[in-house]
Amino acid sequence: MYKFNKLSASVLTLLLAAMATSCSDDNDEPSGARYAVIDFENSGVTLAGPTSYGANLYAGADGQFTEGEVAVTDNIKLHFGINESMWSEEIDFYGGGMALSKWNHRTSIDGKSAMWWYSYENQCSVYNVNSTDGANNGAGADGSDTFAVIFGYRDNNSMSNRASMNFTGDAELQVRSIALCSTSYVYGTLMNPNPYGITPDKNIEEAKGWFMIQAYGFDADGNPTNGGQPVEKYICDYRDDANPKVPAINSWQIWDVSALGKVNKIEFDFKGSDVGTYGLNTPAYACLDNIMVELP
């Protein structure tokens, strides 16, 4: 679902506050600008399920989700979906992608281990401390129900690919901001010792590590925007020289991606300090919501 806004709206207010330190009179918002805020509510797109593992994101599942679209305007939609897996050579979440969810388990449920809530079995849950744990509603940005979960990254060792989203009809629009939150899988892995990490007896803070998400923009011809450089946001940064240090994200934050300029497509990637022989040891996931698009 999309909602039109004309400079006001709570999301824009938060965005402008986040951008205040870098804005000047030369780049203030133009008078009369219009925005669509894509909040994924009542979209009709199949949600990850039937549990927070999201079995319907995998090949062979009944009612498998492969791709979906939500309206931006009457003529333009935001398209997203699941990539082809290098393992199965089928459309499968092992290959990365973007899907919609309402799950928000932040602790383990009956019959599961103490570590279940921060395992792949709970990969579709958002870690939002401003929601009721396990209610599976109201955990999206601004208390909405539905949000997007992305998975996948690209390096020489990755068996997945980047999650992406694009505008239909080769439309090129400026995405001003995206609401960002950690998944439970990511947050728990960061805040607890990771037995698969390079420092298995320490959490990310004790190891003085970091983890970030990146957004790459492309125009309708597939050419990179922003000089091919990504817009980055730390999900956490505990390095001694970090200024400021960034505690692991546990609620929705505004991510300013306007530097990408007008884009047809955005791809998401992840980088971090906990890297081993087979690539990232930190799960390459994030939750997205309230995508603010400036309209022509």
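A: Buried here means under 20% relative accessible area, exposed means over 50%, and partly exposed is in between (1.4 Å probe, protein chains only). The model is predicted, so local features need pLDDT of at least 70 and side-chain atom pairs pLDDT 80 or more, while totals for chains, interfaces and linings use all residues. Residues are numbered from 1 along each chain as its sequence is written, and side-chain values use heavy atoms, without hydrogens and water.

Q: How many residues of strand β5 are buried?

A: Five of the five. The strand covers residues 97-101, and the rest of the structure largely encloses it. Strands here are DSSP runs of E, at least two residues long, and helices are runs of H or I, at least four; both are numbered from the N terminus.

Q: Which residues sit on each side of β5?

A: G97, A99 and S101 are on one side, M98 and L100 on the other. Both faces are covered. In a regular strand, side chains alternate between the two faces of the sheet.

Q: And which strand does β5 pair with?

A: Strand β6, residues 147-151. The pairing is antiparallel, over five bridges. Pairing takes at least two DSSP bridges between the strands.

Q: New topic. How much of helix α2 is covered?

A: Most of it: seven of its eight residues (184-191) are buried. Those are S184, Y185, V186, Y187, G188, T189 and L190.

Q: What covers them?

A: The cover includes β9 (210-218), β10 and β16 (285-294). Contact means heavy atoms within 4.5 Å.

Q: Where is K233?

A: In strand β10, residues 231-237.

Q: And which side chain of opposite charge is nearest to K233?

A: D256, at 9.7 Å. K233 is buried and has no salt bridge. A salt bridge needs a side-chain nitrogen of Lys or Arg within 4 Å of a carboxyl oxygen of Asp or Glu. For charge, Lys and Arg count as positive and Asp and Glu as negative; His and the chain ends are not counted.

Q: What does K233 touch, then?

A: L180, M212, I213, I249, Q253, I254 and W255, leaving out residues up to four places away in sequence.

Q: How many salt bridges are there by this rule?

A: Eight. One joins E267 and R162, with the closest N and O atoms 2.9 Å apart. That pair links distant parts of the chain, 105 residues apart: E267 is in strand β13 (residues 265-272), R162 in the loop between β6 and β7 (163-167).

Q: Are E267 and R162 buried or exposed, and what else do you have on R162?

A: Both residues are buried. R162 also lies over the face of Y216, 4.2 Å from the ring centre. The test for that is NZ of Lys or CZ of Arg within 6 Å of the ring centre and within 35 degrees of the ring normal.

Q: How far apart are R239 and D237, N to O?

A: 3.0 Å, in a salt bridge. R239 is partly exposed at 26%, whereas D237 is buried at 4%. There is also a network of salt bridges that share partners: R154, R162, K265, E267 and D269.

Q: Rings next. How many aromatic pairs does the structure hold?

A: 16. W117 and Y118 form an edge-to-face pair, 4.9 Å centre to centre and 70 degrees between the planes. Rings of Phe, Tyr and Trp (its six-membered ring) pair if their centres lie within 6.5 Å; planes under 30 degrees apart are stacked, over 60 edge-to-face, the rest tilted. W117 is buried at 13%, and Y118 is buried at 14%.

Q: Which residues do ring pairs link into a cluster?

A: Y53, Y58, F93, Y94, Y120, F151, Y185 and Y285.

Q: Back to W117. Which residues is W117 in contact with?

A: Leaving aside neighbours within four places in sequence, R106, T107, S108, N122, Y127, S184, Y185, Y187, G188 and N192. W117 itself is in the loop between β5 and β6. Its C-alpha atom is 9.8 Å from that of Y187, 70 residues apart along the chain. R106, one of those contacts, lies over the face of Y127, 5.7 Å from the ring centre.
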